[in-house]
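Q: Please give a close account of a single part of this model, namely the contact between two of its chains. Which residues and interactions make it up?

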There are 4 protein chains.
Amino acid sequence: MKNVPFKGIIAYPITPFDPQEKVDLPLFKQQVERLVSSGVHGIAPLGSTGVLPYLTDEEKEAVTEASIQQTAGRIPTLVGVSNLTTDKTVYHAQFAEKAGANAVMIIPMSYWKLTDDEIVQHYDKVASSISIPIMAYNNPATGGVDMSPALLKRLLEIPNVTMIKESTGDVQRMHYLRNELGEDVAFYNGSNPLALAAFAAGATGWCTAAANLIPELNIALYNAVQQNDLNKARDLFYQQTELLQFIVAKGLPRAIKAGLNLLGQNGGHLRSPLKPLTAEETATLESILIKLKRQ
Amino acid sequence: MKNVPFKGIIAYPITPFDPQEKVDLPLFKQQVERLVSSGVHGIAPLGSTGVLPYLTDEEKEAVTEASIQQTAGRIPTLVGVSNLTTDKTVYHAQFAEKAGANAVMIIPMSYWKLTDDEIVQHYDKVASSISIPIMAYNNPATGGVDMSPALLKRLLEIPNVTMIKESTGDVQRMHYLRNELGEDVAFYNGSNPLALAAFAAGATGWCTAAANLIPELNIALYNAVQQNDLNKARDLFYQQTELLQFIVAKGLPRAIKAGLNLLGQNGGHLRSPLKPLTAEETATLESILIKLKRQ
Amino acid sequence: MKNVPFKGIIAYPITPFDPQEKVDLPLFKQQVERLVSSGVHGIAPLGSTGVLPYLTDEEKEAVTEASIQQTAGRIPTLVGVSNLTTDKTVYHAQFAEKAGANAVMIIPMSYWKLTDDEIVQHYDKVASSISIPIMAYNNPATGGVDMSPALLKRLLEIPNVTMIKESTGDVQRMHYLRNELGEDVAFYNGSNPLALAAFAAGATGWCTAAANLIPELNIALYNAVQQNDLNKARDLFYQQTELLQFIVAKGLPRAIKAGLNLLGQNGGHLRSPLKPLTAEETATLESILIKLKRQ
Amino acid sequence: MKNVPFKGIIAYPITPFDPQEKVDLPLFKQQVERLVSSGVHGIAPLGSTGVLPYLTDEEKEAVTEASIQQTAGRIPTLVGVSNLTTDKTVYHAQFAEKAGANAVMIIPMSYWKLTDDEIVQHYDKVASSISIPIMAYNNPATGGVDMSPALLKRLLEIPNVTMIKESTGDVQRMHYLRNELGEDVAFYNGSNPLALAAFAAGATGWCTAAANLIPELNIALYNAVQQNDLNKARDLFYQQTELLQFIVAKGLPRAIKAGLNLLGQNGGHLRSPLKPLTAEETATLESILIKLKRQ
């Protein structure tokens, strides 16, 4: 049986900055603590939400260590270690393993469009350098590569590539994975607006930044699916779709920071060129959050 | 309460031709009878599967009458009356109503890209010329226009536009419709590979050509959803996804004709330029059907 | 040597309607006469600009005959005969030949996506039914099919398919045609905003509705290219780009009708669902035409 | 008059690596020397061809200094300084200025899709930190952002943003820039297969990696355009299109390295995950180069 340490709601923390745009580690730890307390089933620092590619190597290492220290084994930690070059990806994957991560997440970041063989060699090189499992992550919108289902199948033949996260927004990809690879393949949904469709299709988990704002709704949706109660799942999903669509449309780091502030939390600062939501956008988000509180 | 005469599995018959490429009405009636006997909940002649735009006015009228006569009220009939010009659409909609159709389906066919106002005026003109309800149909791949959710909302303000069929393949459109228009809006899925996701999202029905080949599986999926049994629905869906993907990829008229032949039925001929599946494609379809019979 | 009866500026007339949306043949003849008098090198009735797919068979025949009568051999006539079915395409191609057309233009209209083999058989059937040459026309935006350069190459192997019109808006297609097929292939540009790039790439002609409004500029651009004067061609092109972009953005039948009216000509009426430009759009067009007159 | 230090053929060197995938500076200098000797009009290190985003800060600095030392003022140098964060972009832009660069090239690299305001602030911050001119570079395929013509216009209002490089592959963008901004705007073509169309449209220069392999043809095309000889320019362009298409299709760093080897030069190694062309691809490139030598 393959090593699959994640299921349910896997929360993406943001990486908060101080007014000088330096990583604010104490605030990051507070935000991680808040996520762990909310009852989510896993945590995934240094994802897109955590603006991984905007950080220096030292900052990545500090965030990795802070996550694992703060989580302290209460829930498993999935560390993002994607990098344009293979060597740097190996470096960060090894660092994460040593720091105590339960798994690493890797998207084949692409400036030059990679061939399938280049992608397989990239994963293979990293996989053979560590012993913890890898979640391969497909998100053409941010990574610039769209890994075909056939390629994902090849990646799963690498022993410690045991999980797939699909963020294309096309639920048919999940159908293909399940059909081709059987019920054993663990696939995760990374496209917030597809949360219901993905669970209906059999997704093992949902990696989401929304858990920073509405963890109880995210978790309740997962539980309804576990209880085989489609009608309840549908109701819960429609309660959160507006928020899910909003945070995706505005960019997760910007939207989560604004949402935390609206909830009375410290959302920290962003790193340029990313800028805060406009006043109008913030007002829209506020009205969505107020509606949610009333339900 | 709006007039919504359809739910469940709504089957698209093909329009079969004889060897001289004339419409084969006796064969069409046999195929309709077979669909009615299979237990589907409605029938929709002159859809894309029925190659509506390849037929003359007289042929459309003959197929309309043959459908309604053969169905004889056992299940409701939804007649496709889409046409490039508004006048012709009115003409065929009135013909369908007089012939006894329960509703008409209209896609805003577009050679020149229509503005939203032109589309609204088009529907409005047709709607005010008949008294049966209209299903507005969005399918950019065949109709050439992608109606935005905002436009669909405008169309639903026309009193006898009571149903929406979404075939974009993007399940988020259904979420939007439900969110914006409330639980009362009747939306139908026209994208076969999204059957499970659409029912999970609350679709009232599924318009499908697959019912020519696997009506029992289509109906069972609908029933599982009605029984709130997501796990059973998921199993039933994964049994049929391979066939659904195949018939969509190869073009419904070609694939259904070939499938009927493989099931020992008379699939008739196609009208040029459409040609039968190749021998290799037919063999693939045969293997899919054999696998399904074994389950 | 292949039979290539067209070069230079080939003008698309619109098909004008009367207030009851019937084809207005006397007005059509006036508009054709105006085009012939303007000095264009050819005329192409029943194109997209002429709303071919919105007409009945009888209307198409009447427009064909009216064009050829009015032109009276002063310039060659290229008649659009595209139809969804092969039989109807053959029918109209034969009608055009009998009526005296110099060539026919055929786009593989597609409701169901056609395979390459189906498209080749479609052209082959029509080509063998007539003896005048065929211009194969690629325009995915209106026809729904994007013929690859490799497919266009196959079509050119049919003896009387002697001309290619490219309207994809991608000038690299023309480079491919020239590279693959040598200097002998006659390709025509159907994408107005690419007029300069296409002539630079060696296009034999430019099929354009703009000749209804600015024939002298269209012809002058062609002449500058013939004189190998790139700087003059560039200047002439930049004088007309704003108009070319406008008429494409708004839809040629709508924009040409409005432009004719603004020039003091009778533009006739449109057939629903097509509606006239809004007042604001018409004002924009007017300001573009005024600027052009001043130059 | 704006400060525009570039025109004609601006060559992109690759960044070669040694067998351990370290930057090979001595080889880089040889390759730069070869470019300068070939007669090109400018040089642009650390572009996409130079795999800028795959390099560490120290490597970027070393390549910048090596370029400027080797060029020694014989032709102007345009240094790529793009970075995901604003701070790092400022840092590298200042470094390039101090090292003696004539201008810097900046593409708004984007992991999270940037708003127009964020992009303007990004450029503004960098521009106000240096005094040499900036070439703003639009290439959605590699940078992930498609800057609209309207946004490019805003950027040109920043005093030292004086040049635009368009690599969308859509020649209409250049028409728009010229129309909107007048004959004074200096725009450059970065899409190899559009070289002829871009010069026809009035491009000031062509930034190309092809100059590593066929500098004489690139320069001859530019000269023919300067001499207003369209026919000669067309002939020269069609001689090189096959090579241009090949190097773009295969990825410039891979294709240029392979081409250098085939020409008897040392192409160095690539940095993983980028891998060399396959044997079959290399054979295709060889046959293209042999054909070119015969002309």
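A: The contact, meaning heavy atoms within 4.5 Å, takes 29 residues from chain A and 29 residues from chain D. This is a predicted model, in which local features need pLDDT of at least 70, side-chain atom pairs count only at pLDDT 80 or more, and totals for chains, interfaces and linings use all residues. Residues are numbered from 1 along each chain as its sequence is written, chains are lettered from A and ligands numbered from 1 in the order in which they are written, and side-chain values use heavy atoms, with hydrogens and water left out.

Between them, chain A and chain D bury about 2,800 Å², where buried area is the accessible area (1.4 Å probe) that two parts lose on being put together, summed over both. Of this area, 64% lies on carbon and sulfur atoms. Tyr111(A), Trp112(A) and Pro273(A) provide 31% of what chain A buries against chain D, more than any other three residues.

Chain A and chain D are also joined by 2 salt bridges, each a side-chain nitrogen of Lys or Arg within 4 Å of a carboxyl oxygen of Asp or Glu. Glu118(A) and Arg254(D) meet through their side chains in a salt bridge, at 2.5 Å from N to O.

On the side of chain A that touches chain D, helix H3 (86-99), helix H4 (116-127) and helix H11 (252-262) each supply at least two residues; helices here are DSSP runs (H or I, at least four residues), numbered from the N terminus. The residues of that side comprise 12 nonpolar, 11 polar and 6 charged, with Ala, Val, Leu, Ile, Met, Phe, Trp, Tyr, Cys and Pro counted as nonpolar, Asp, Glu, Lys and Arg as charged, and the others, Gly among them, as polar.
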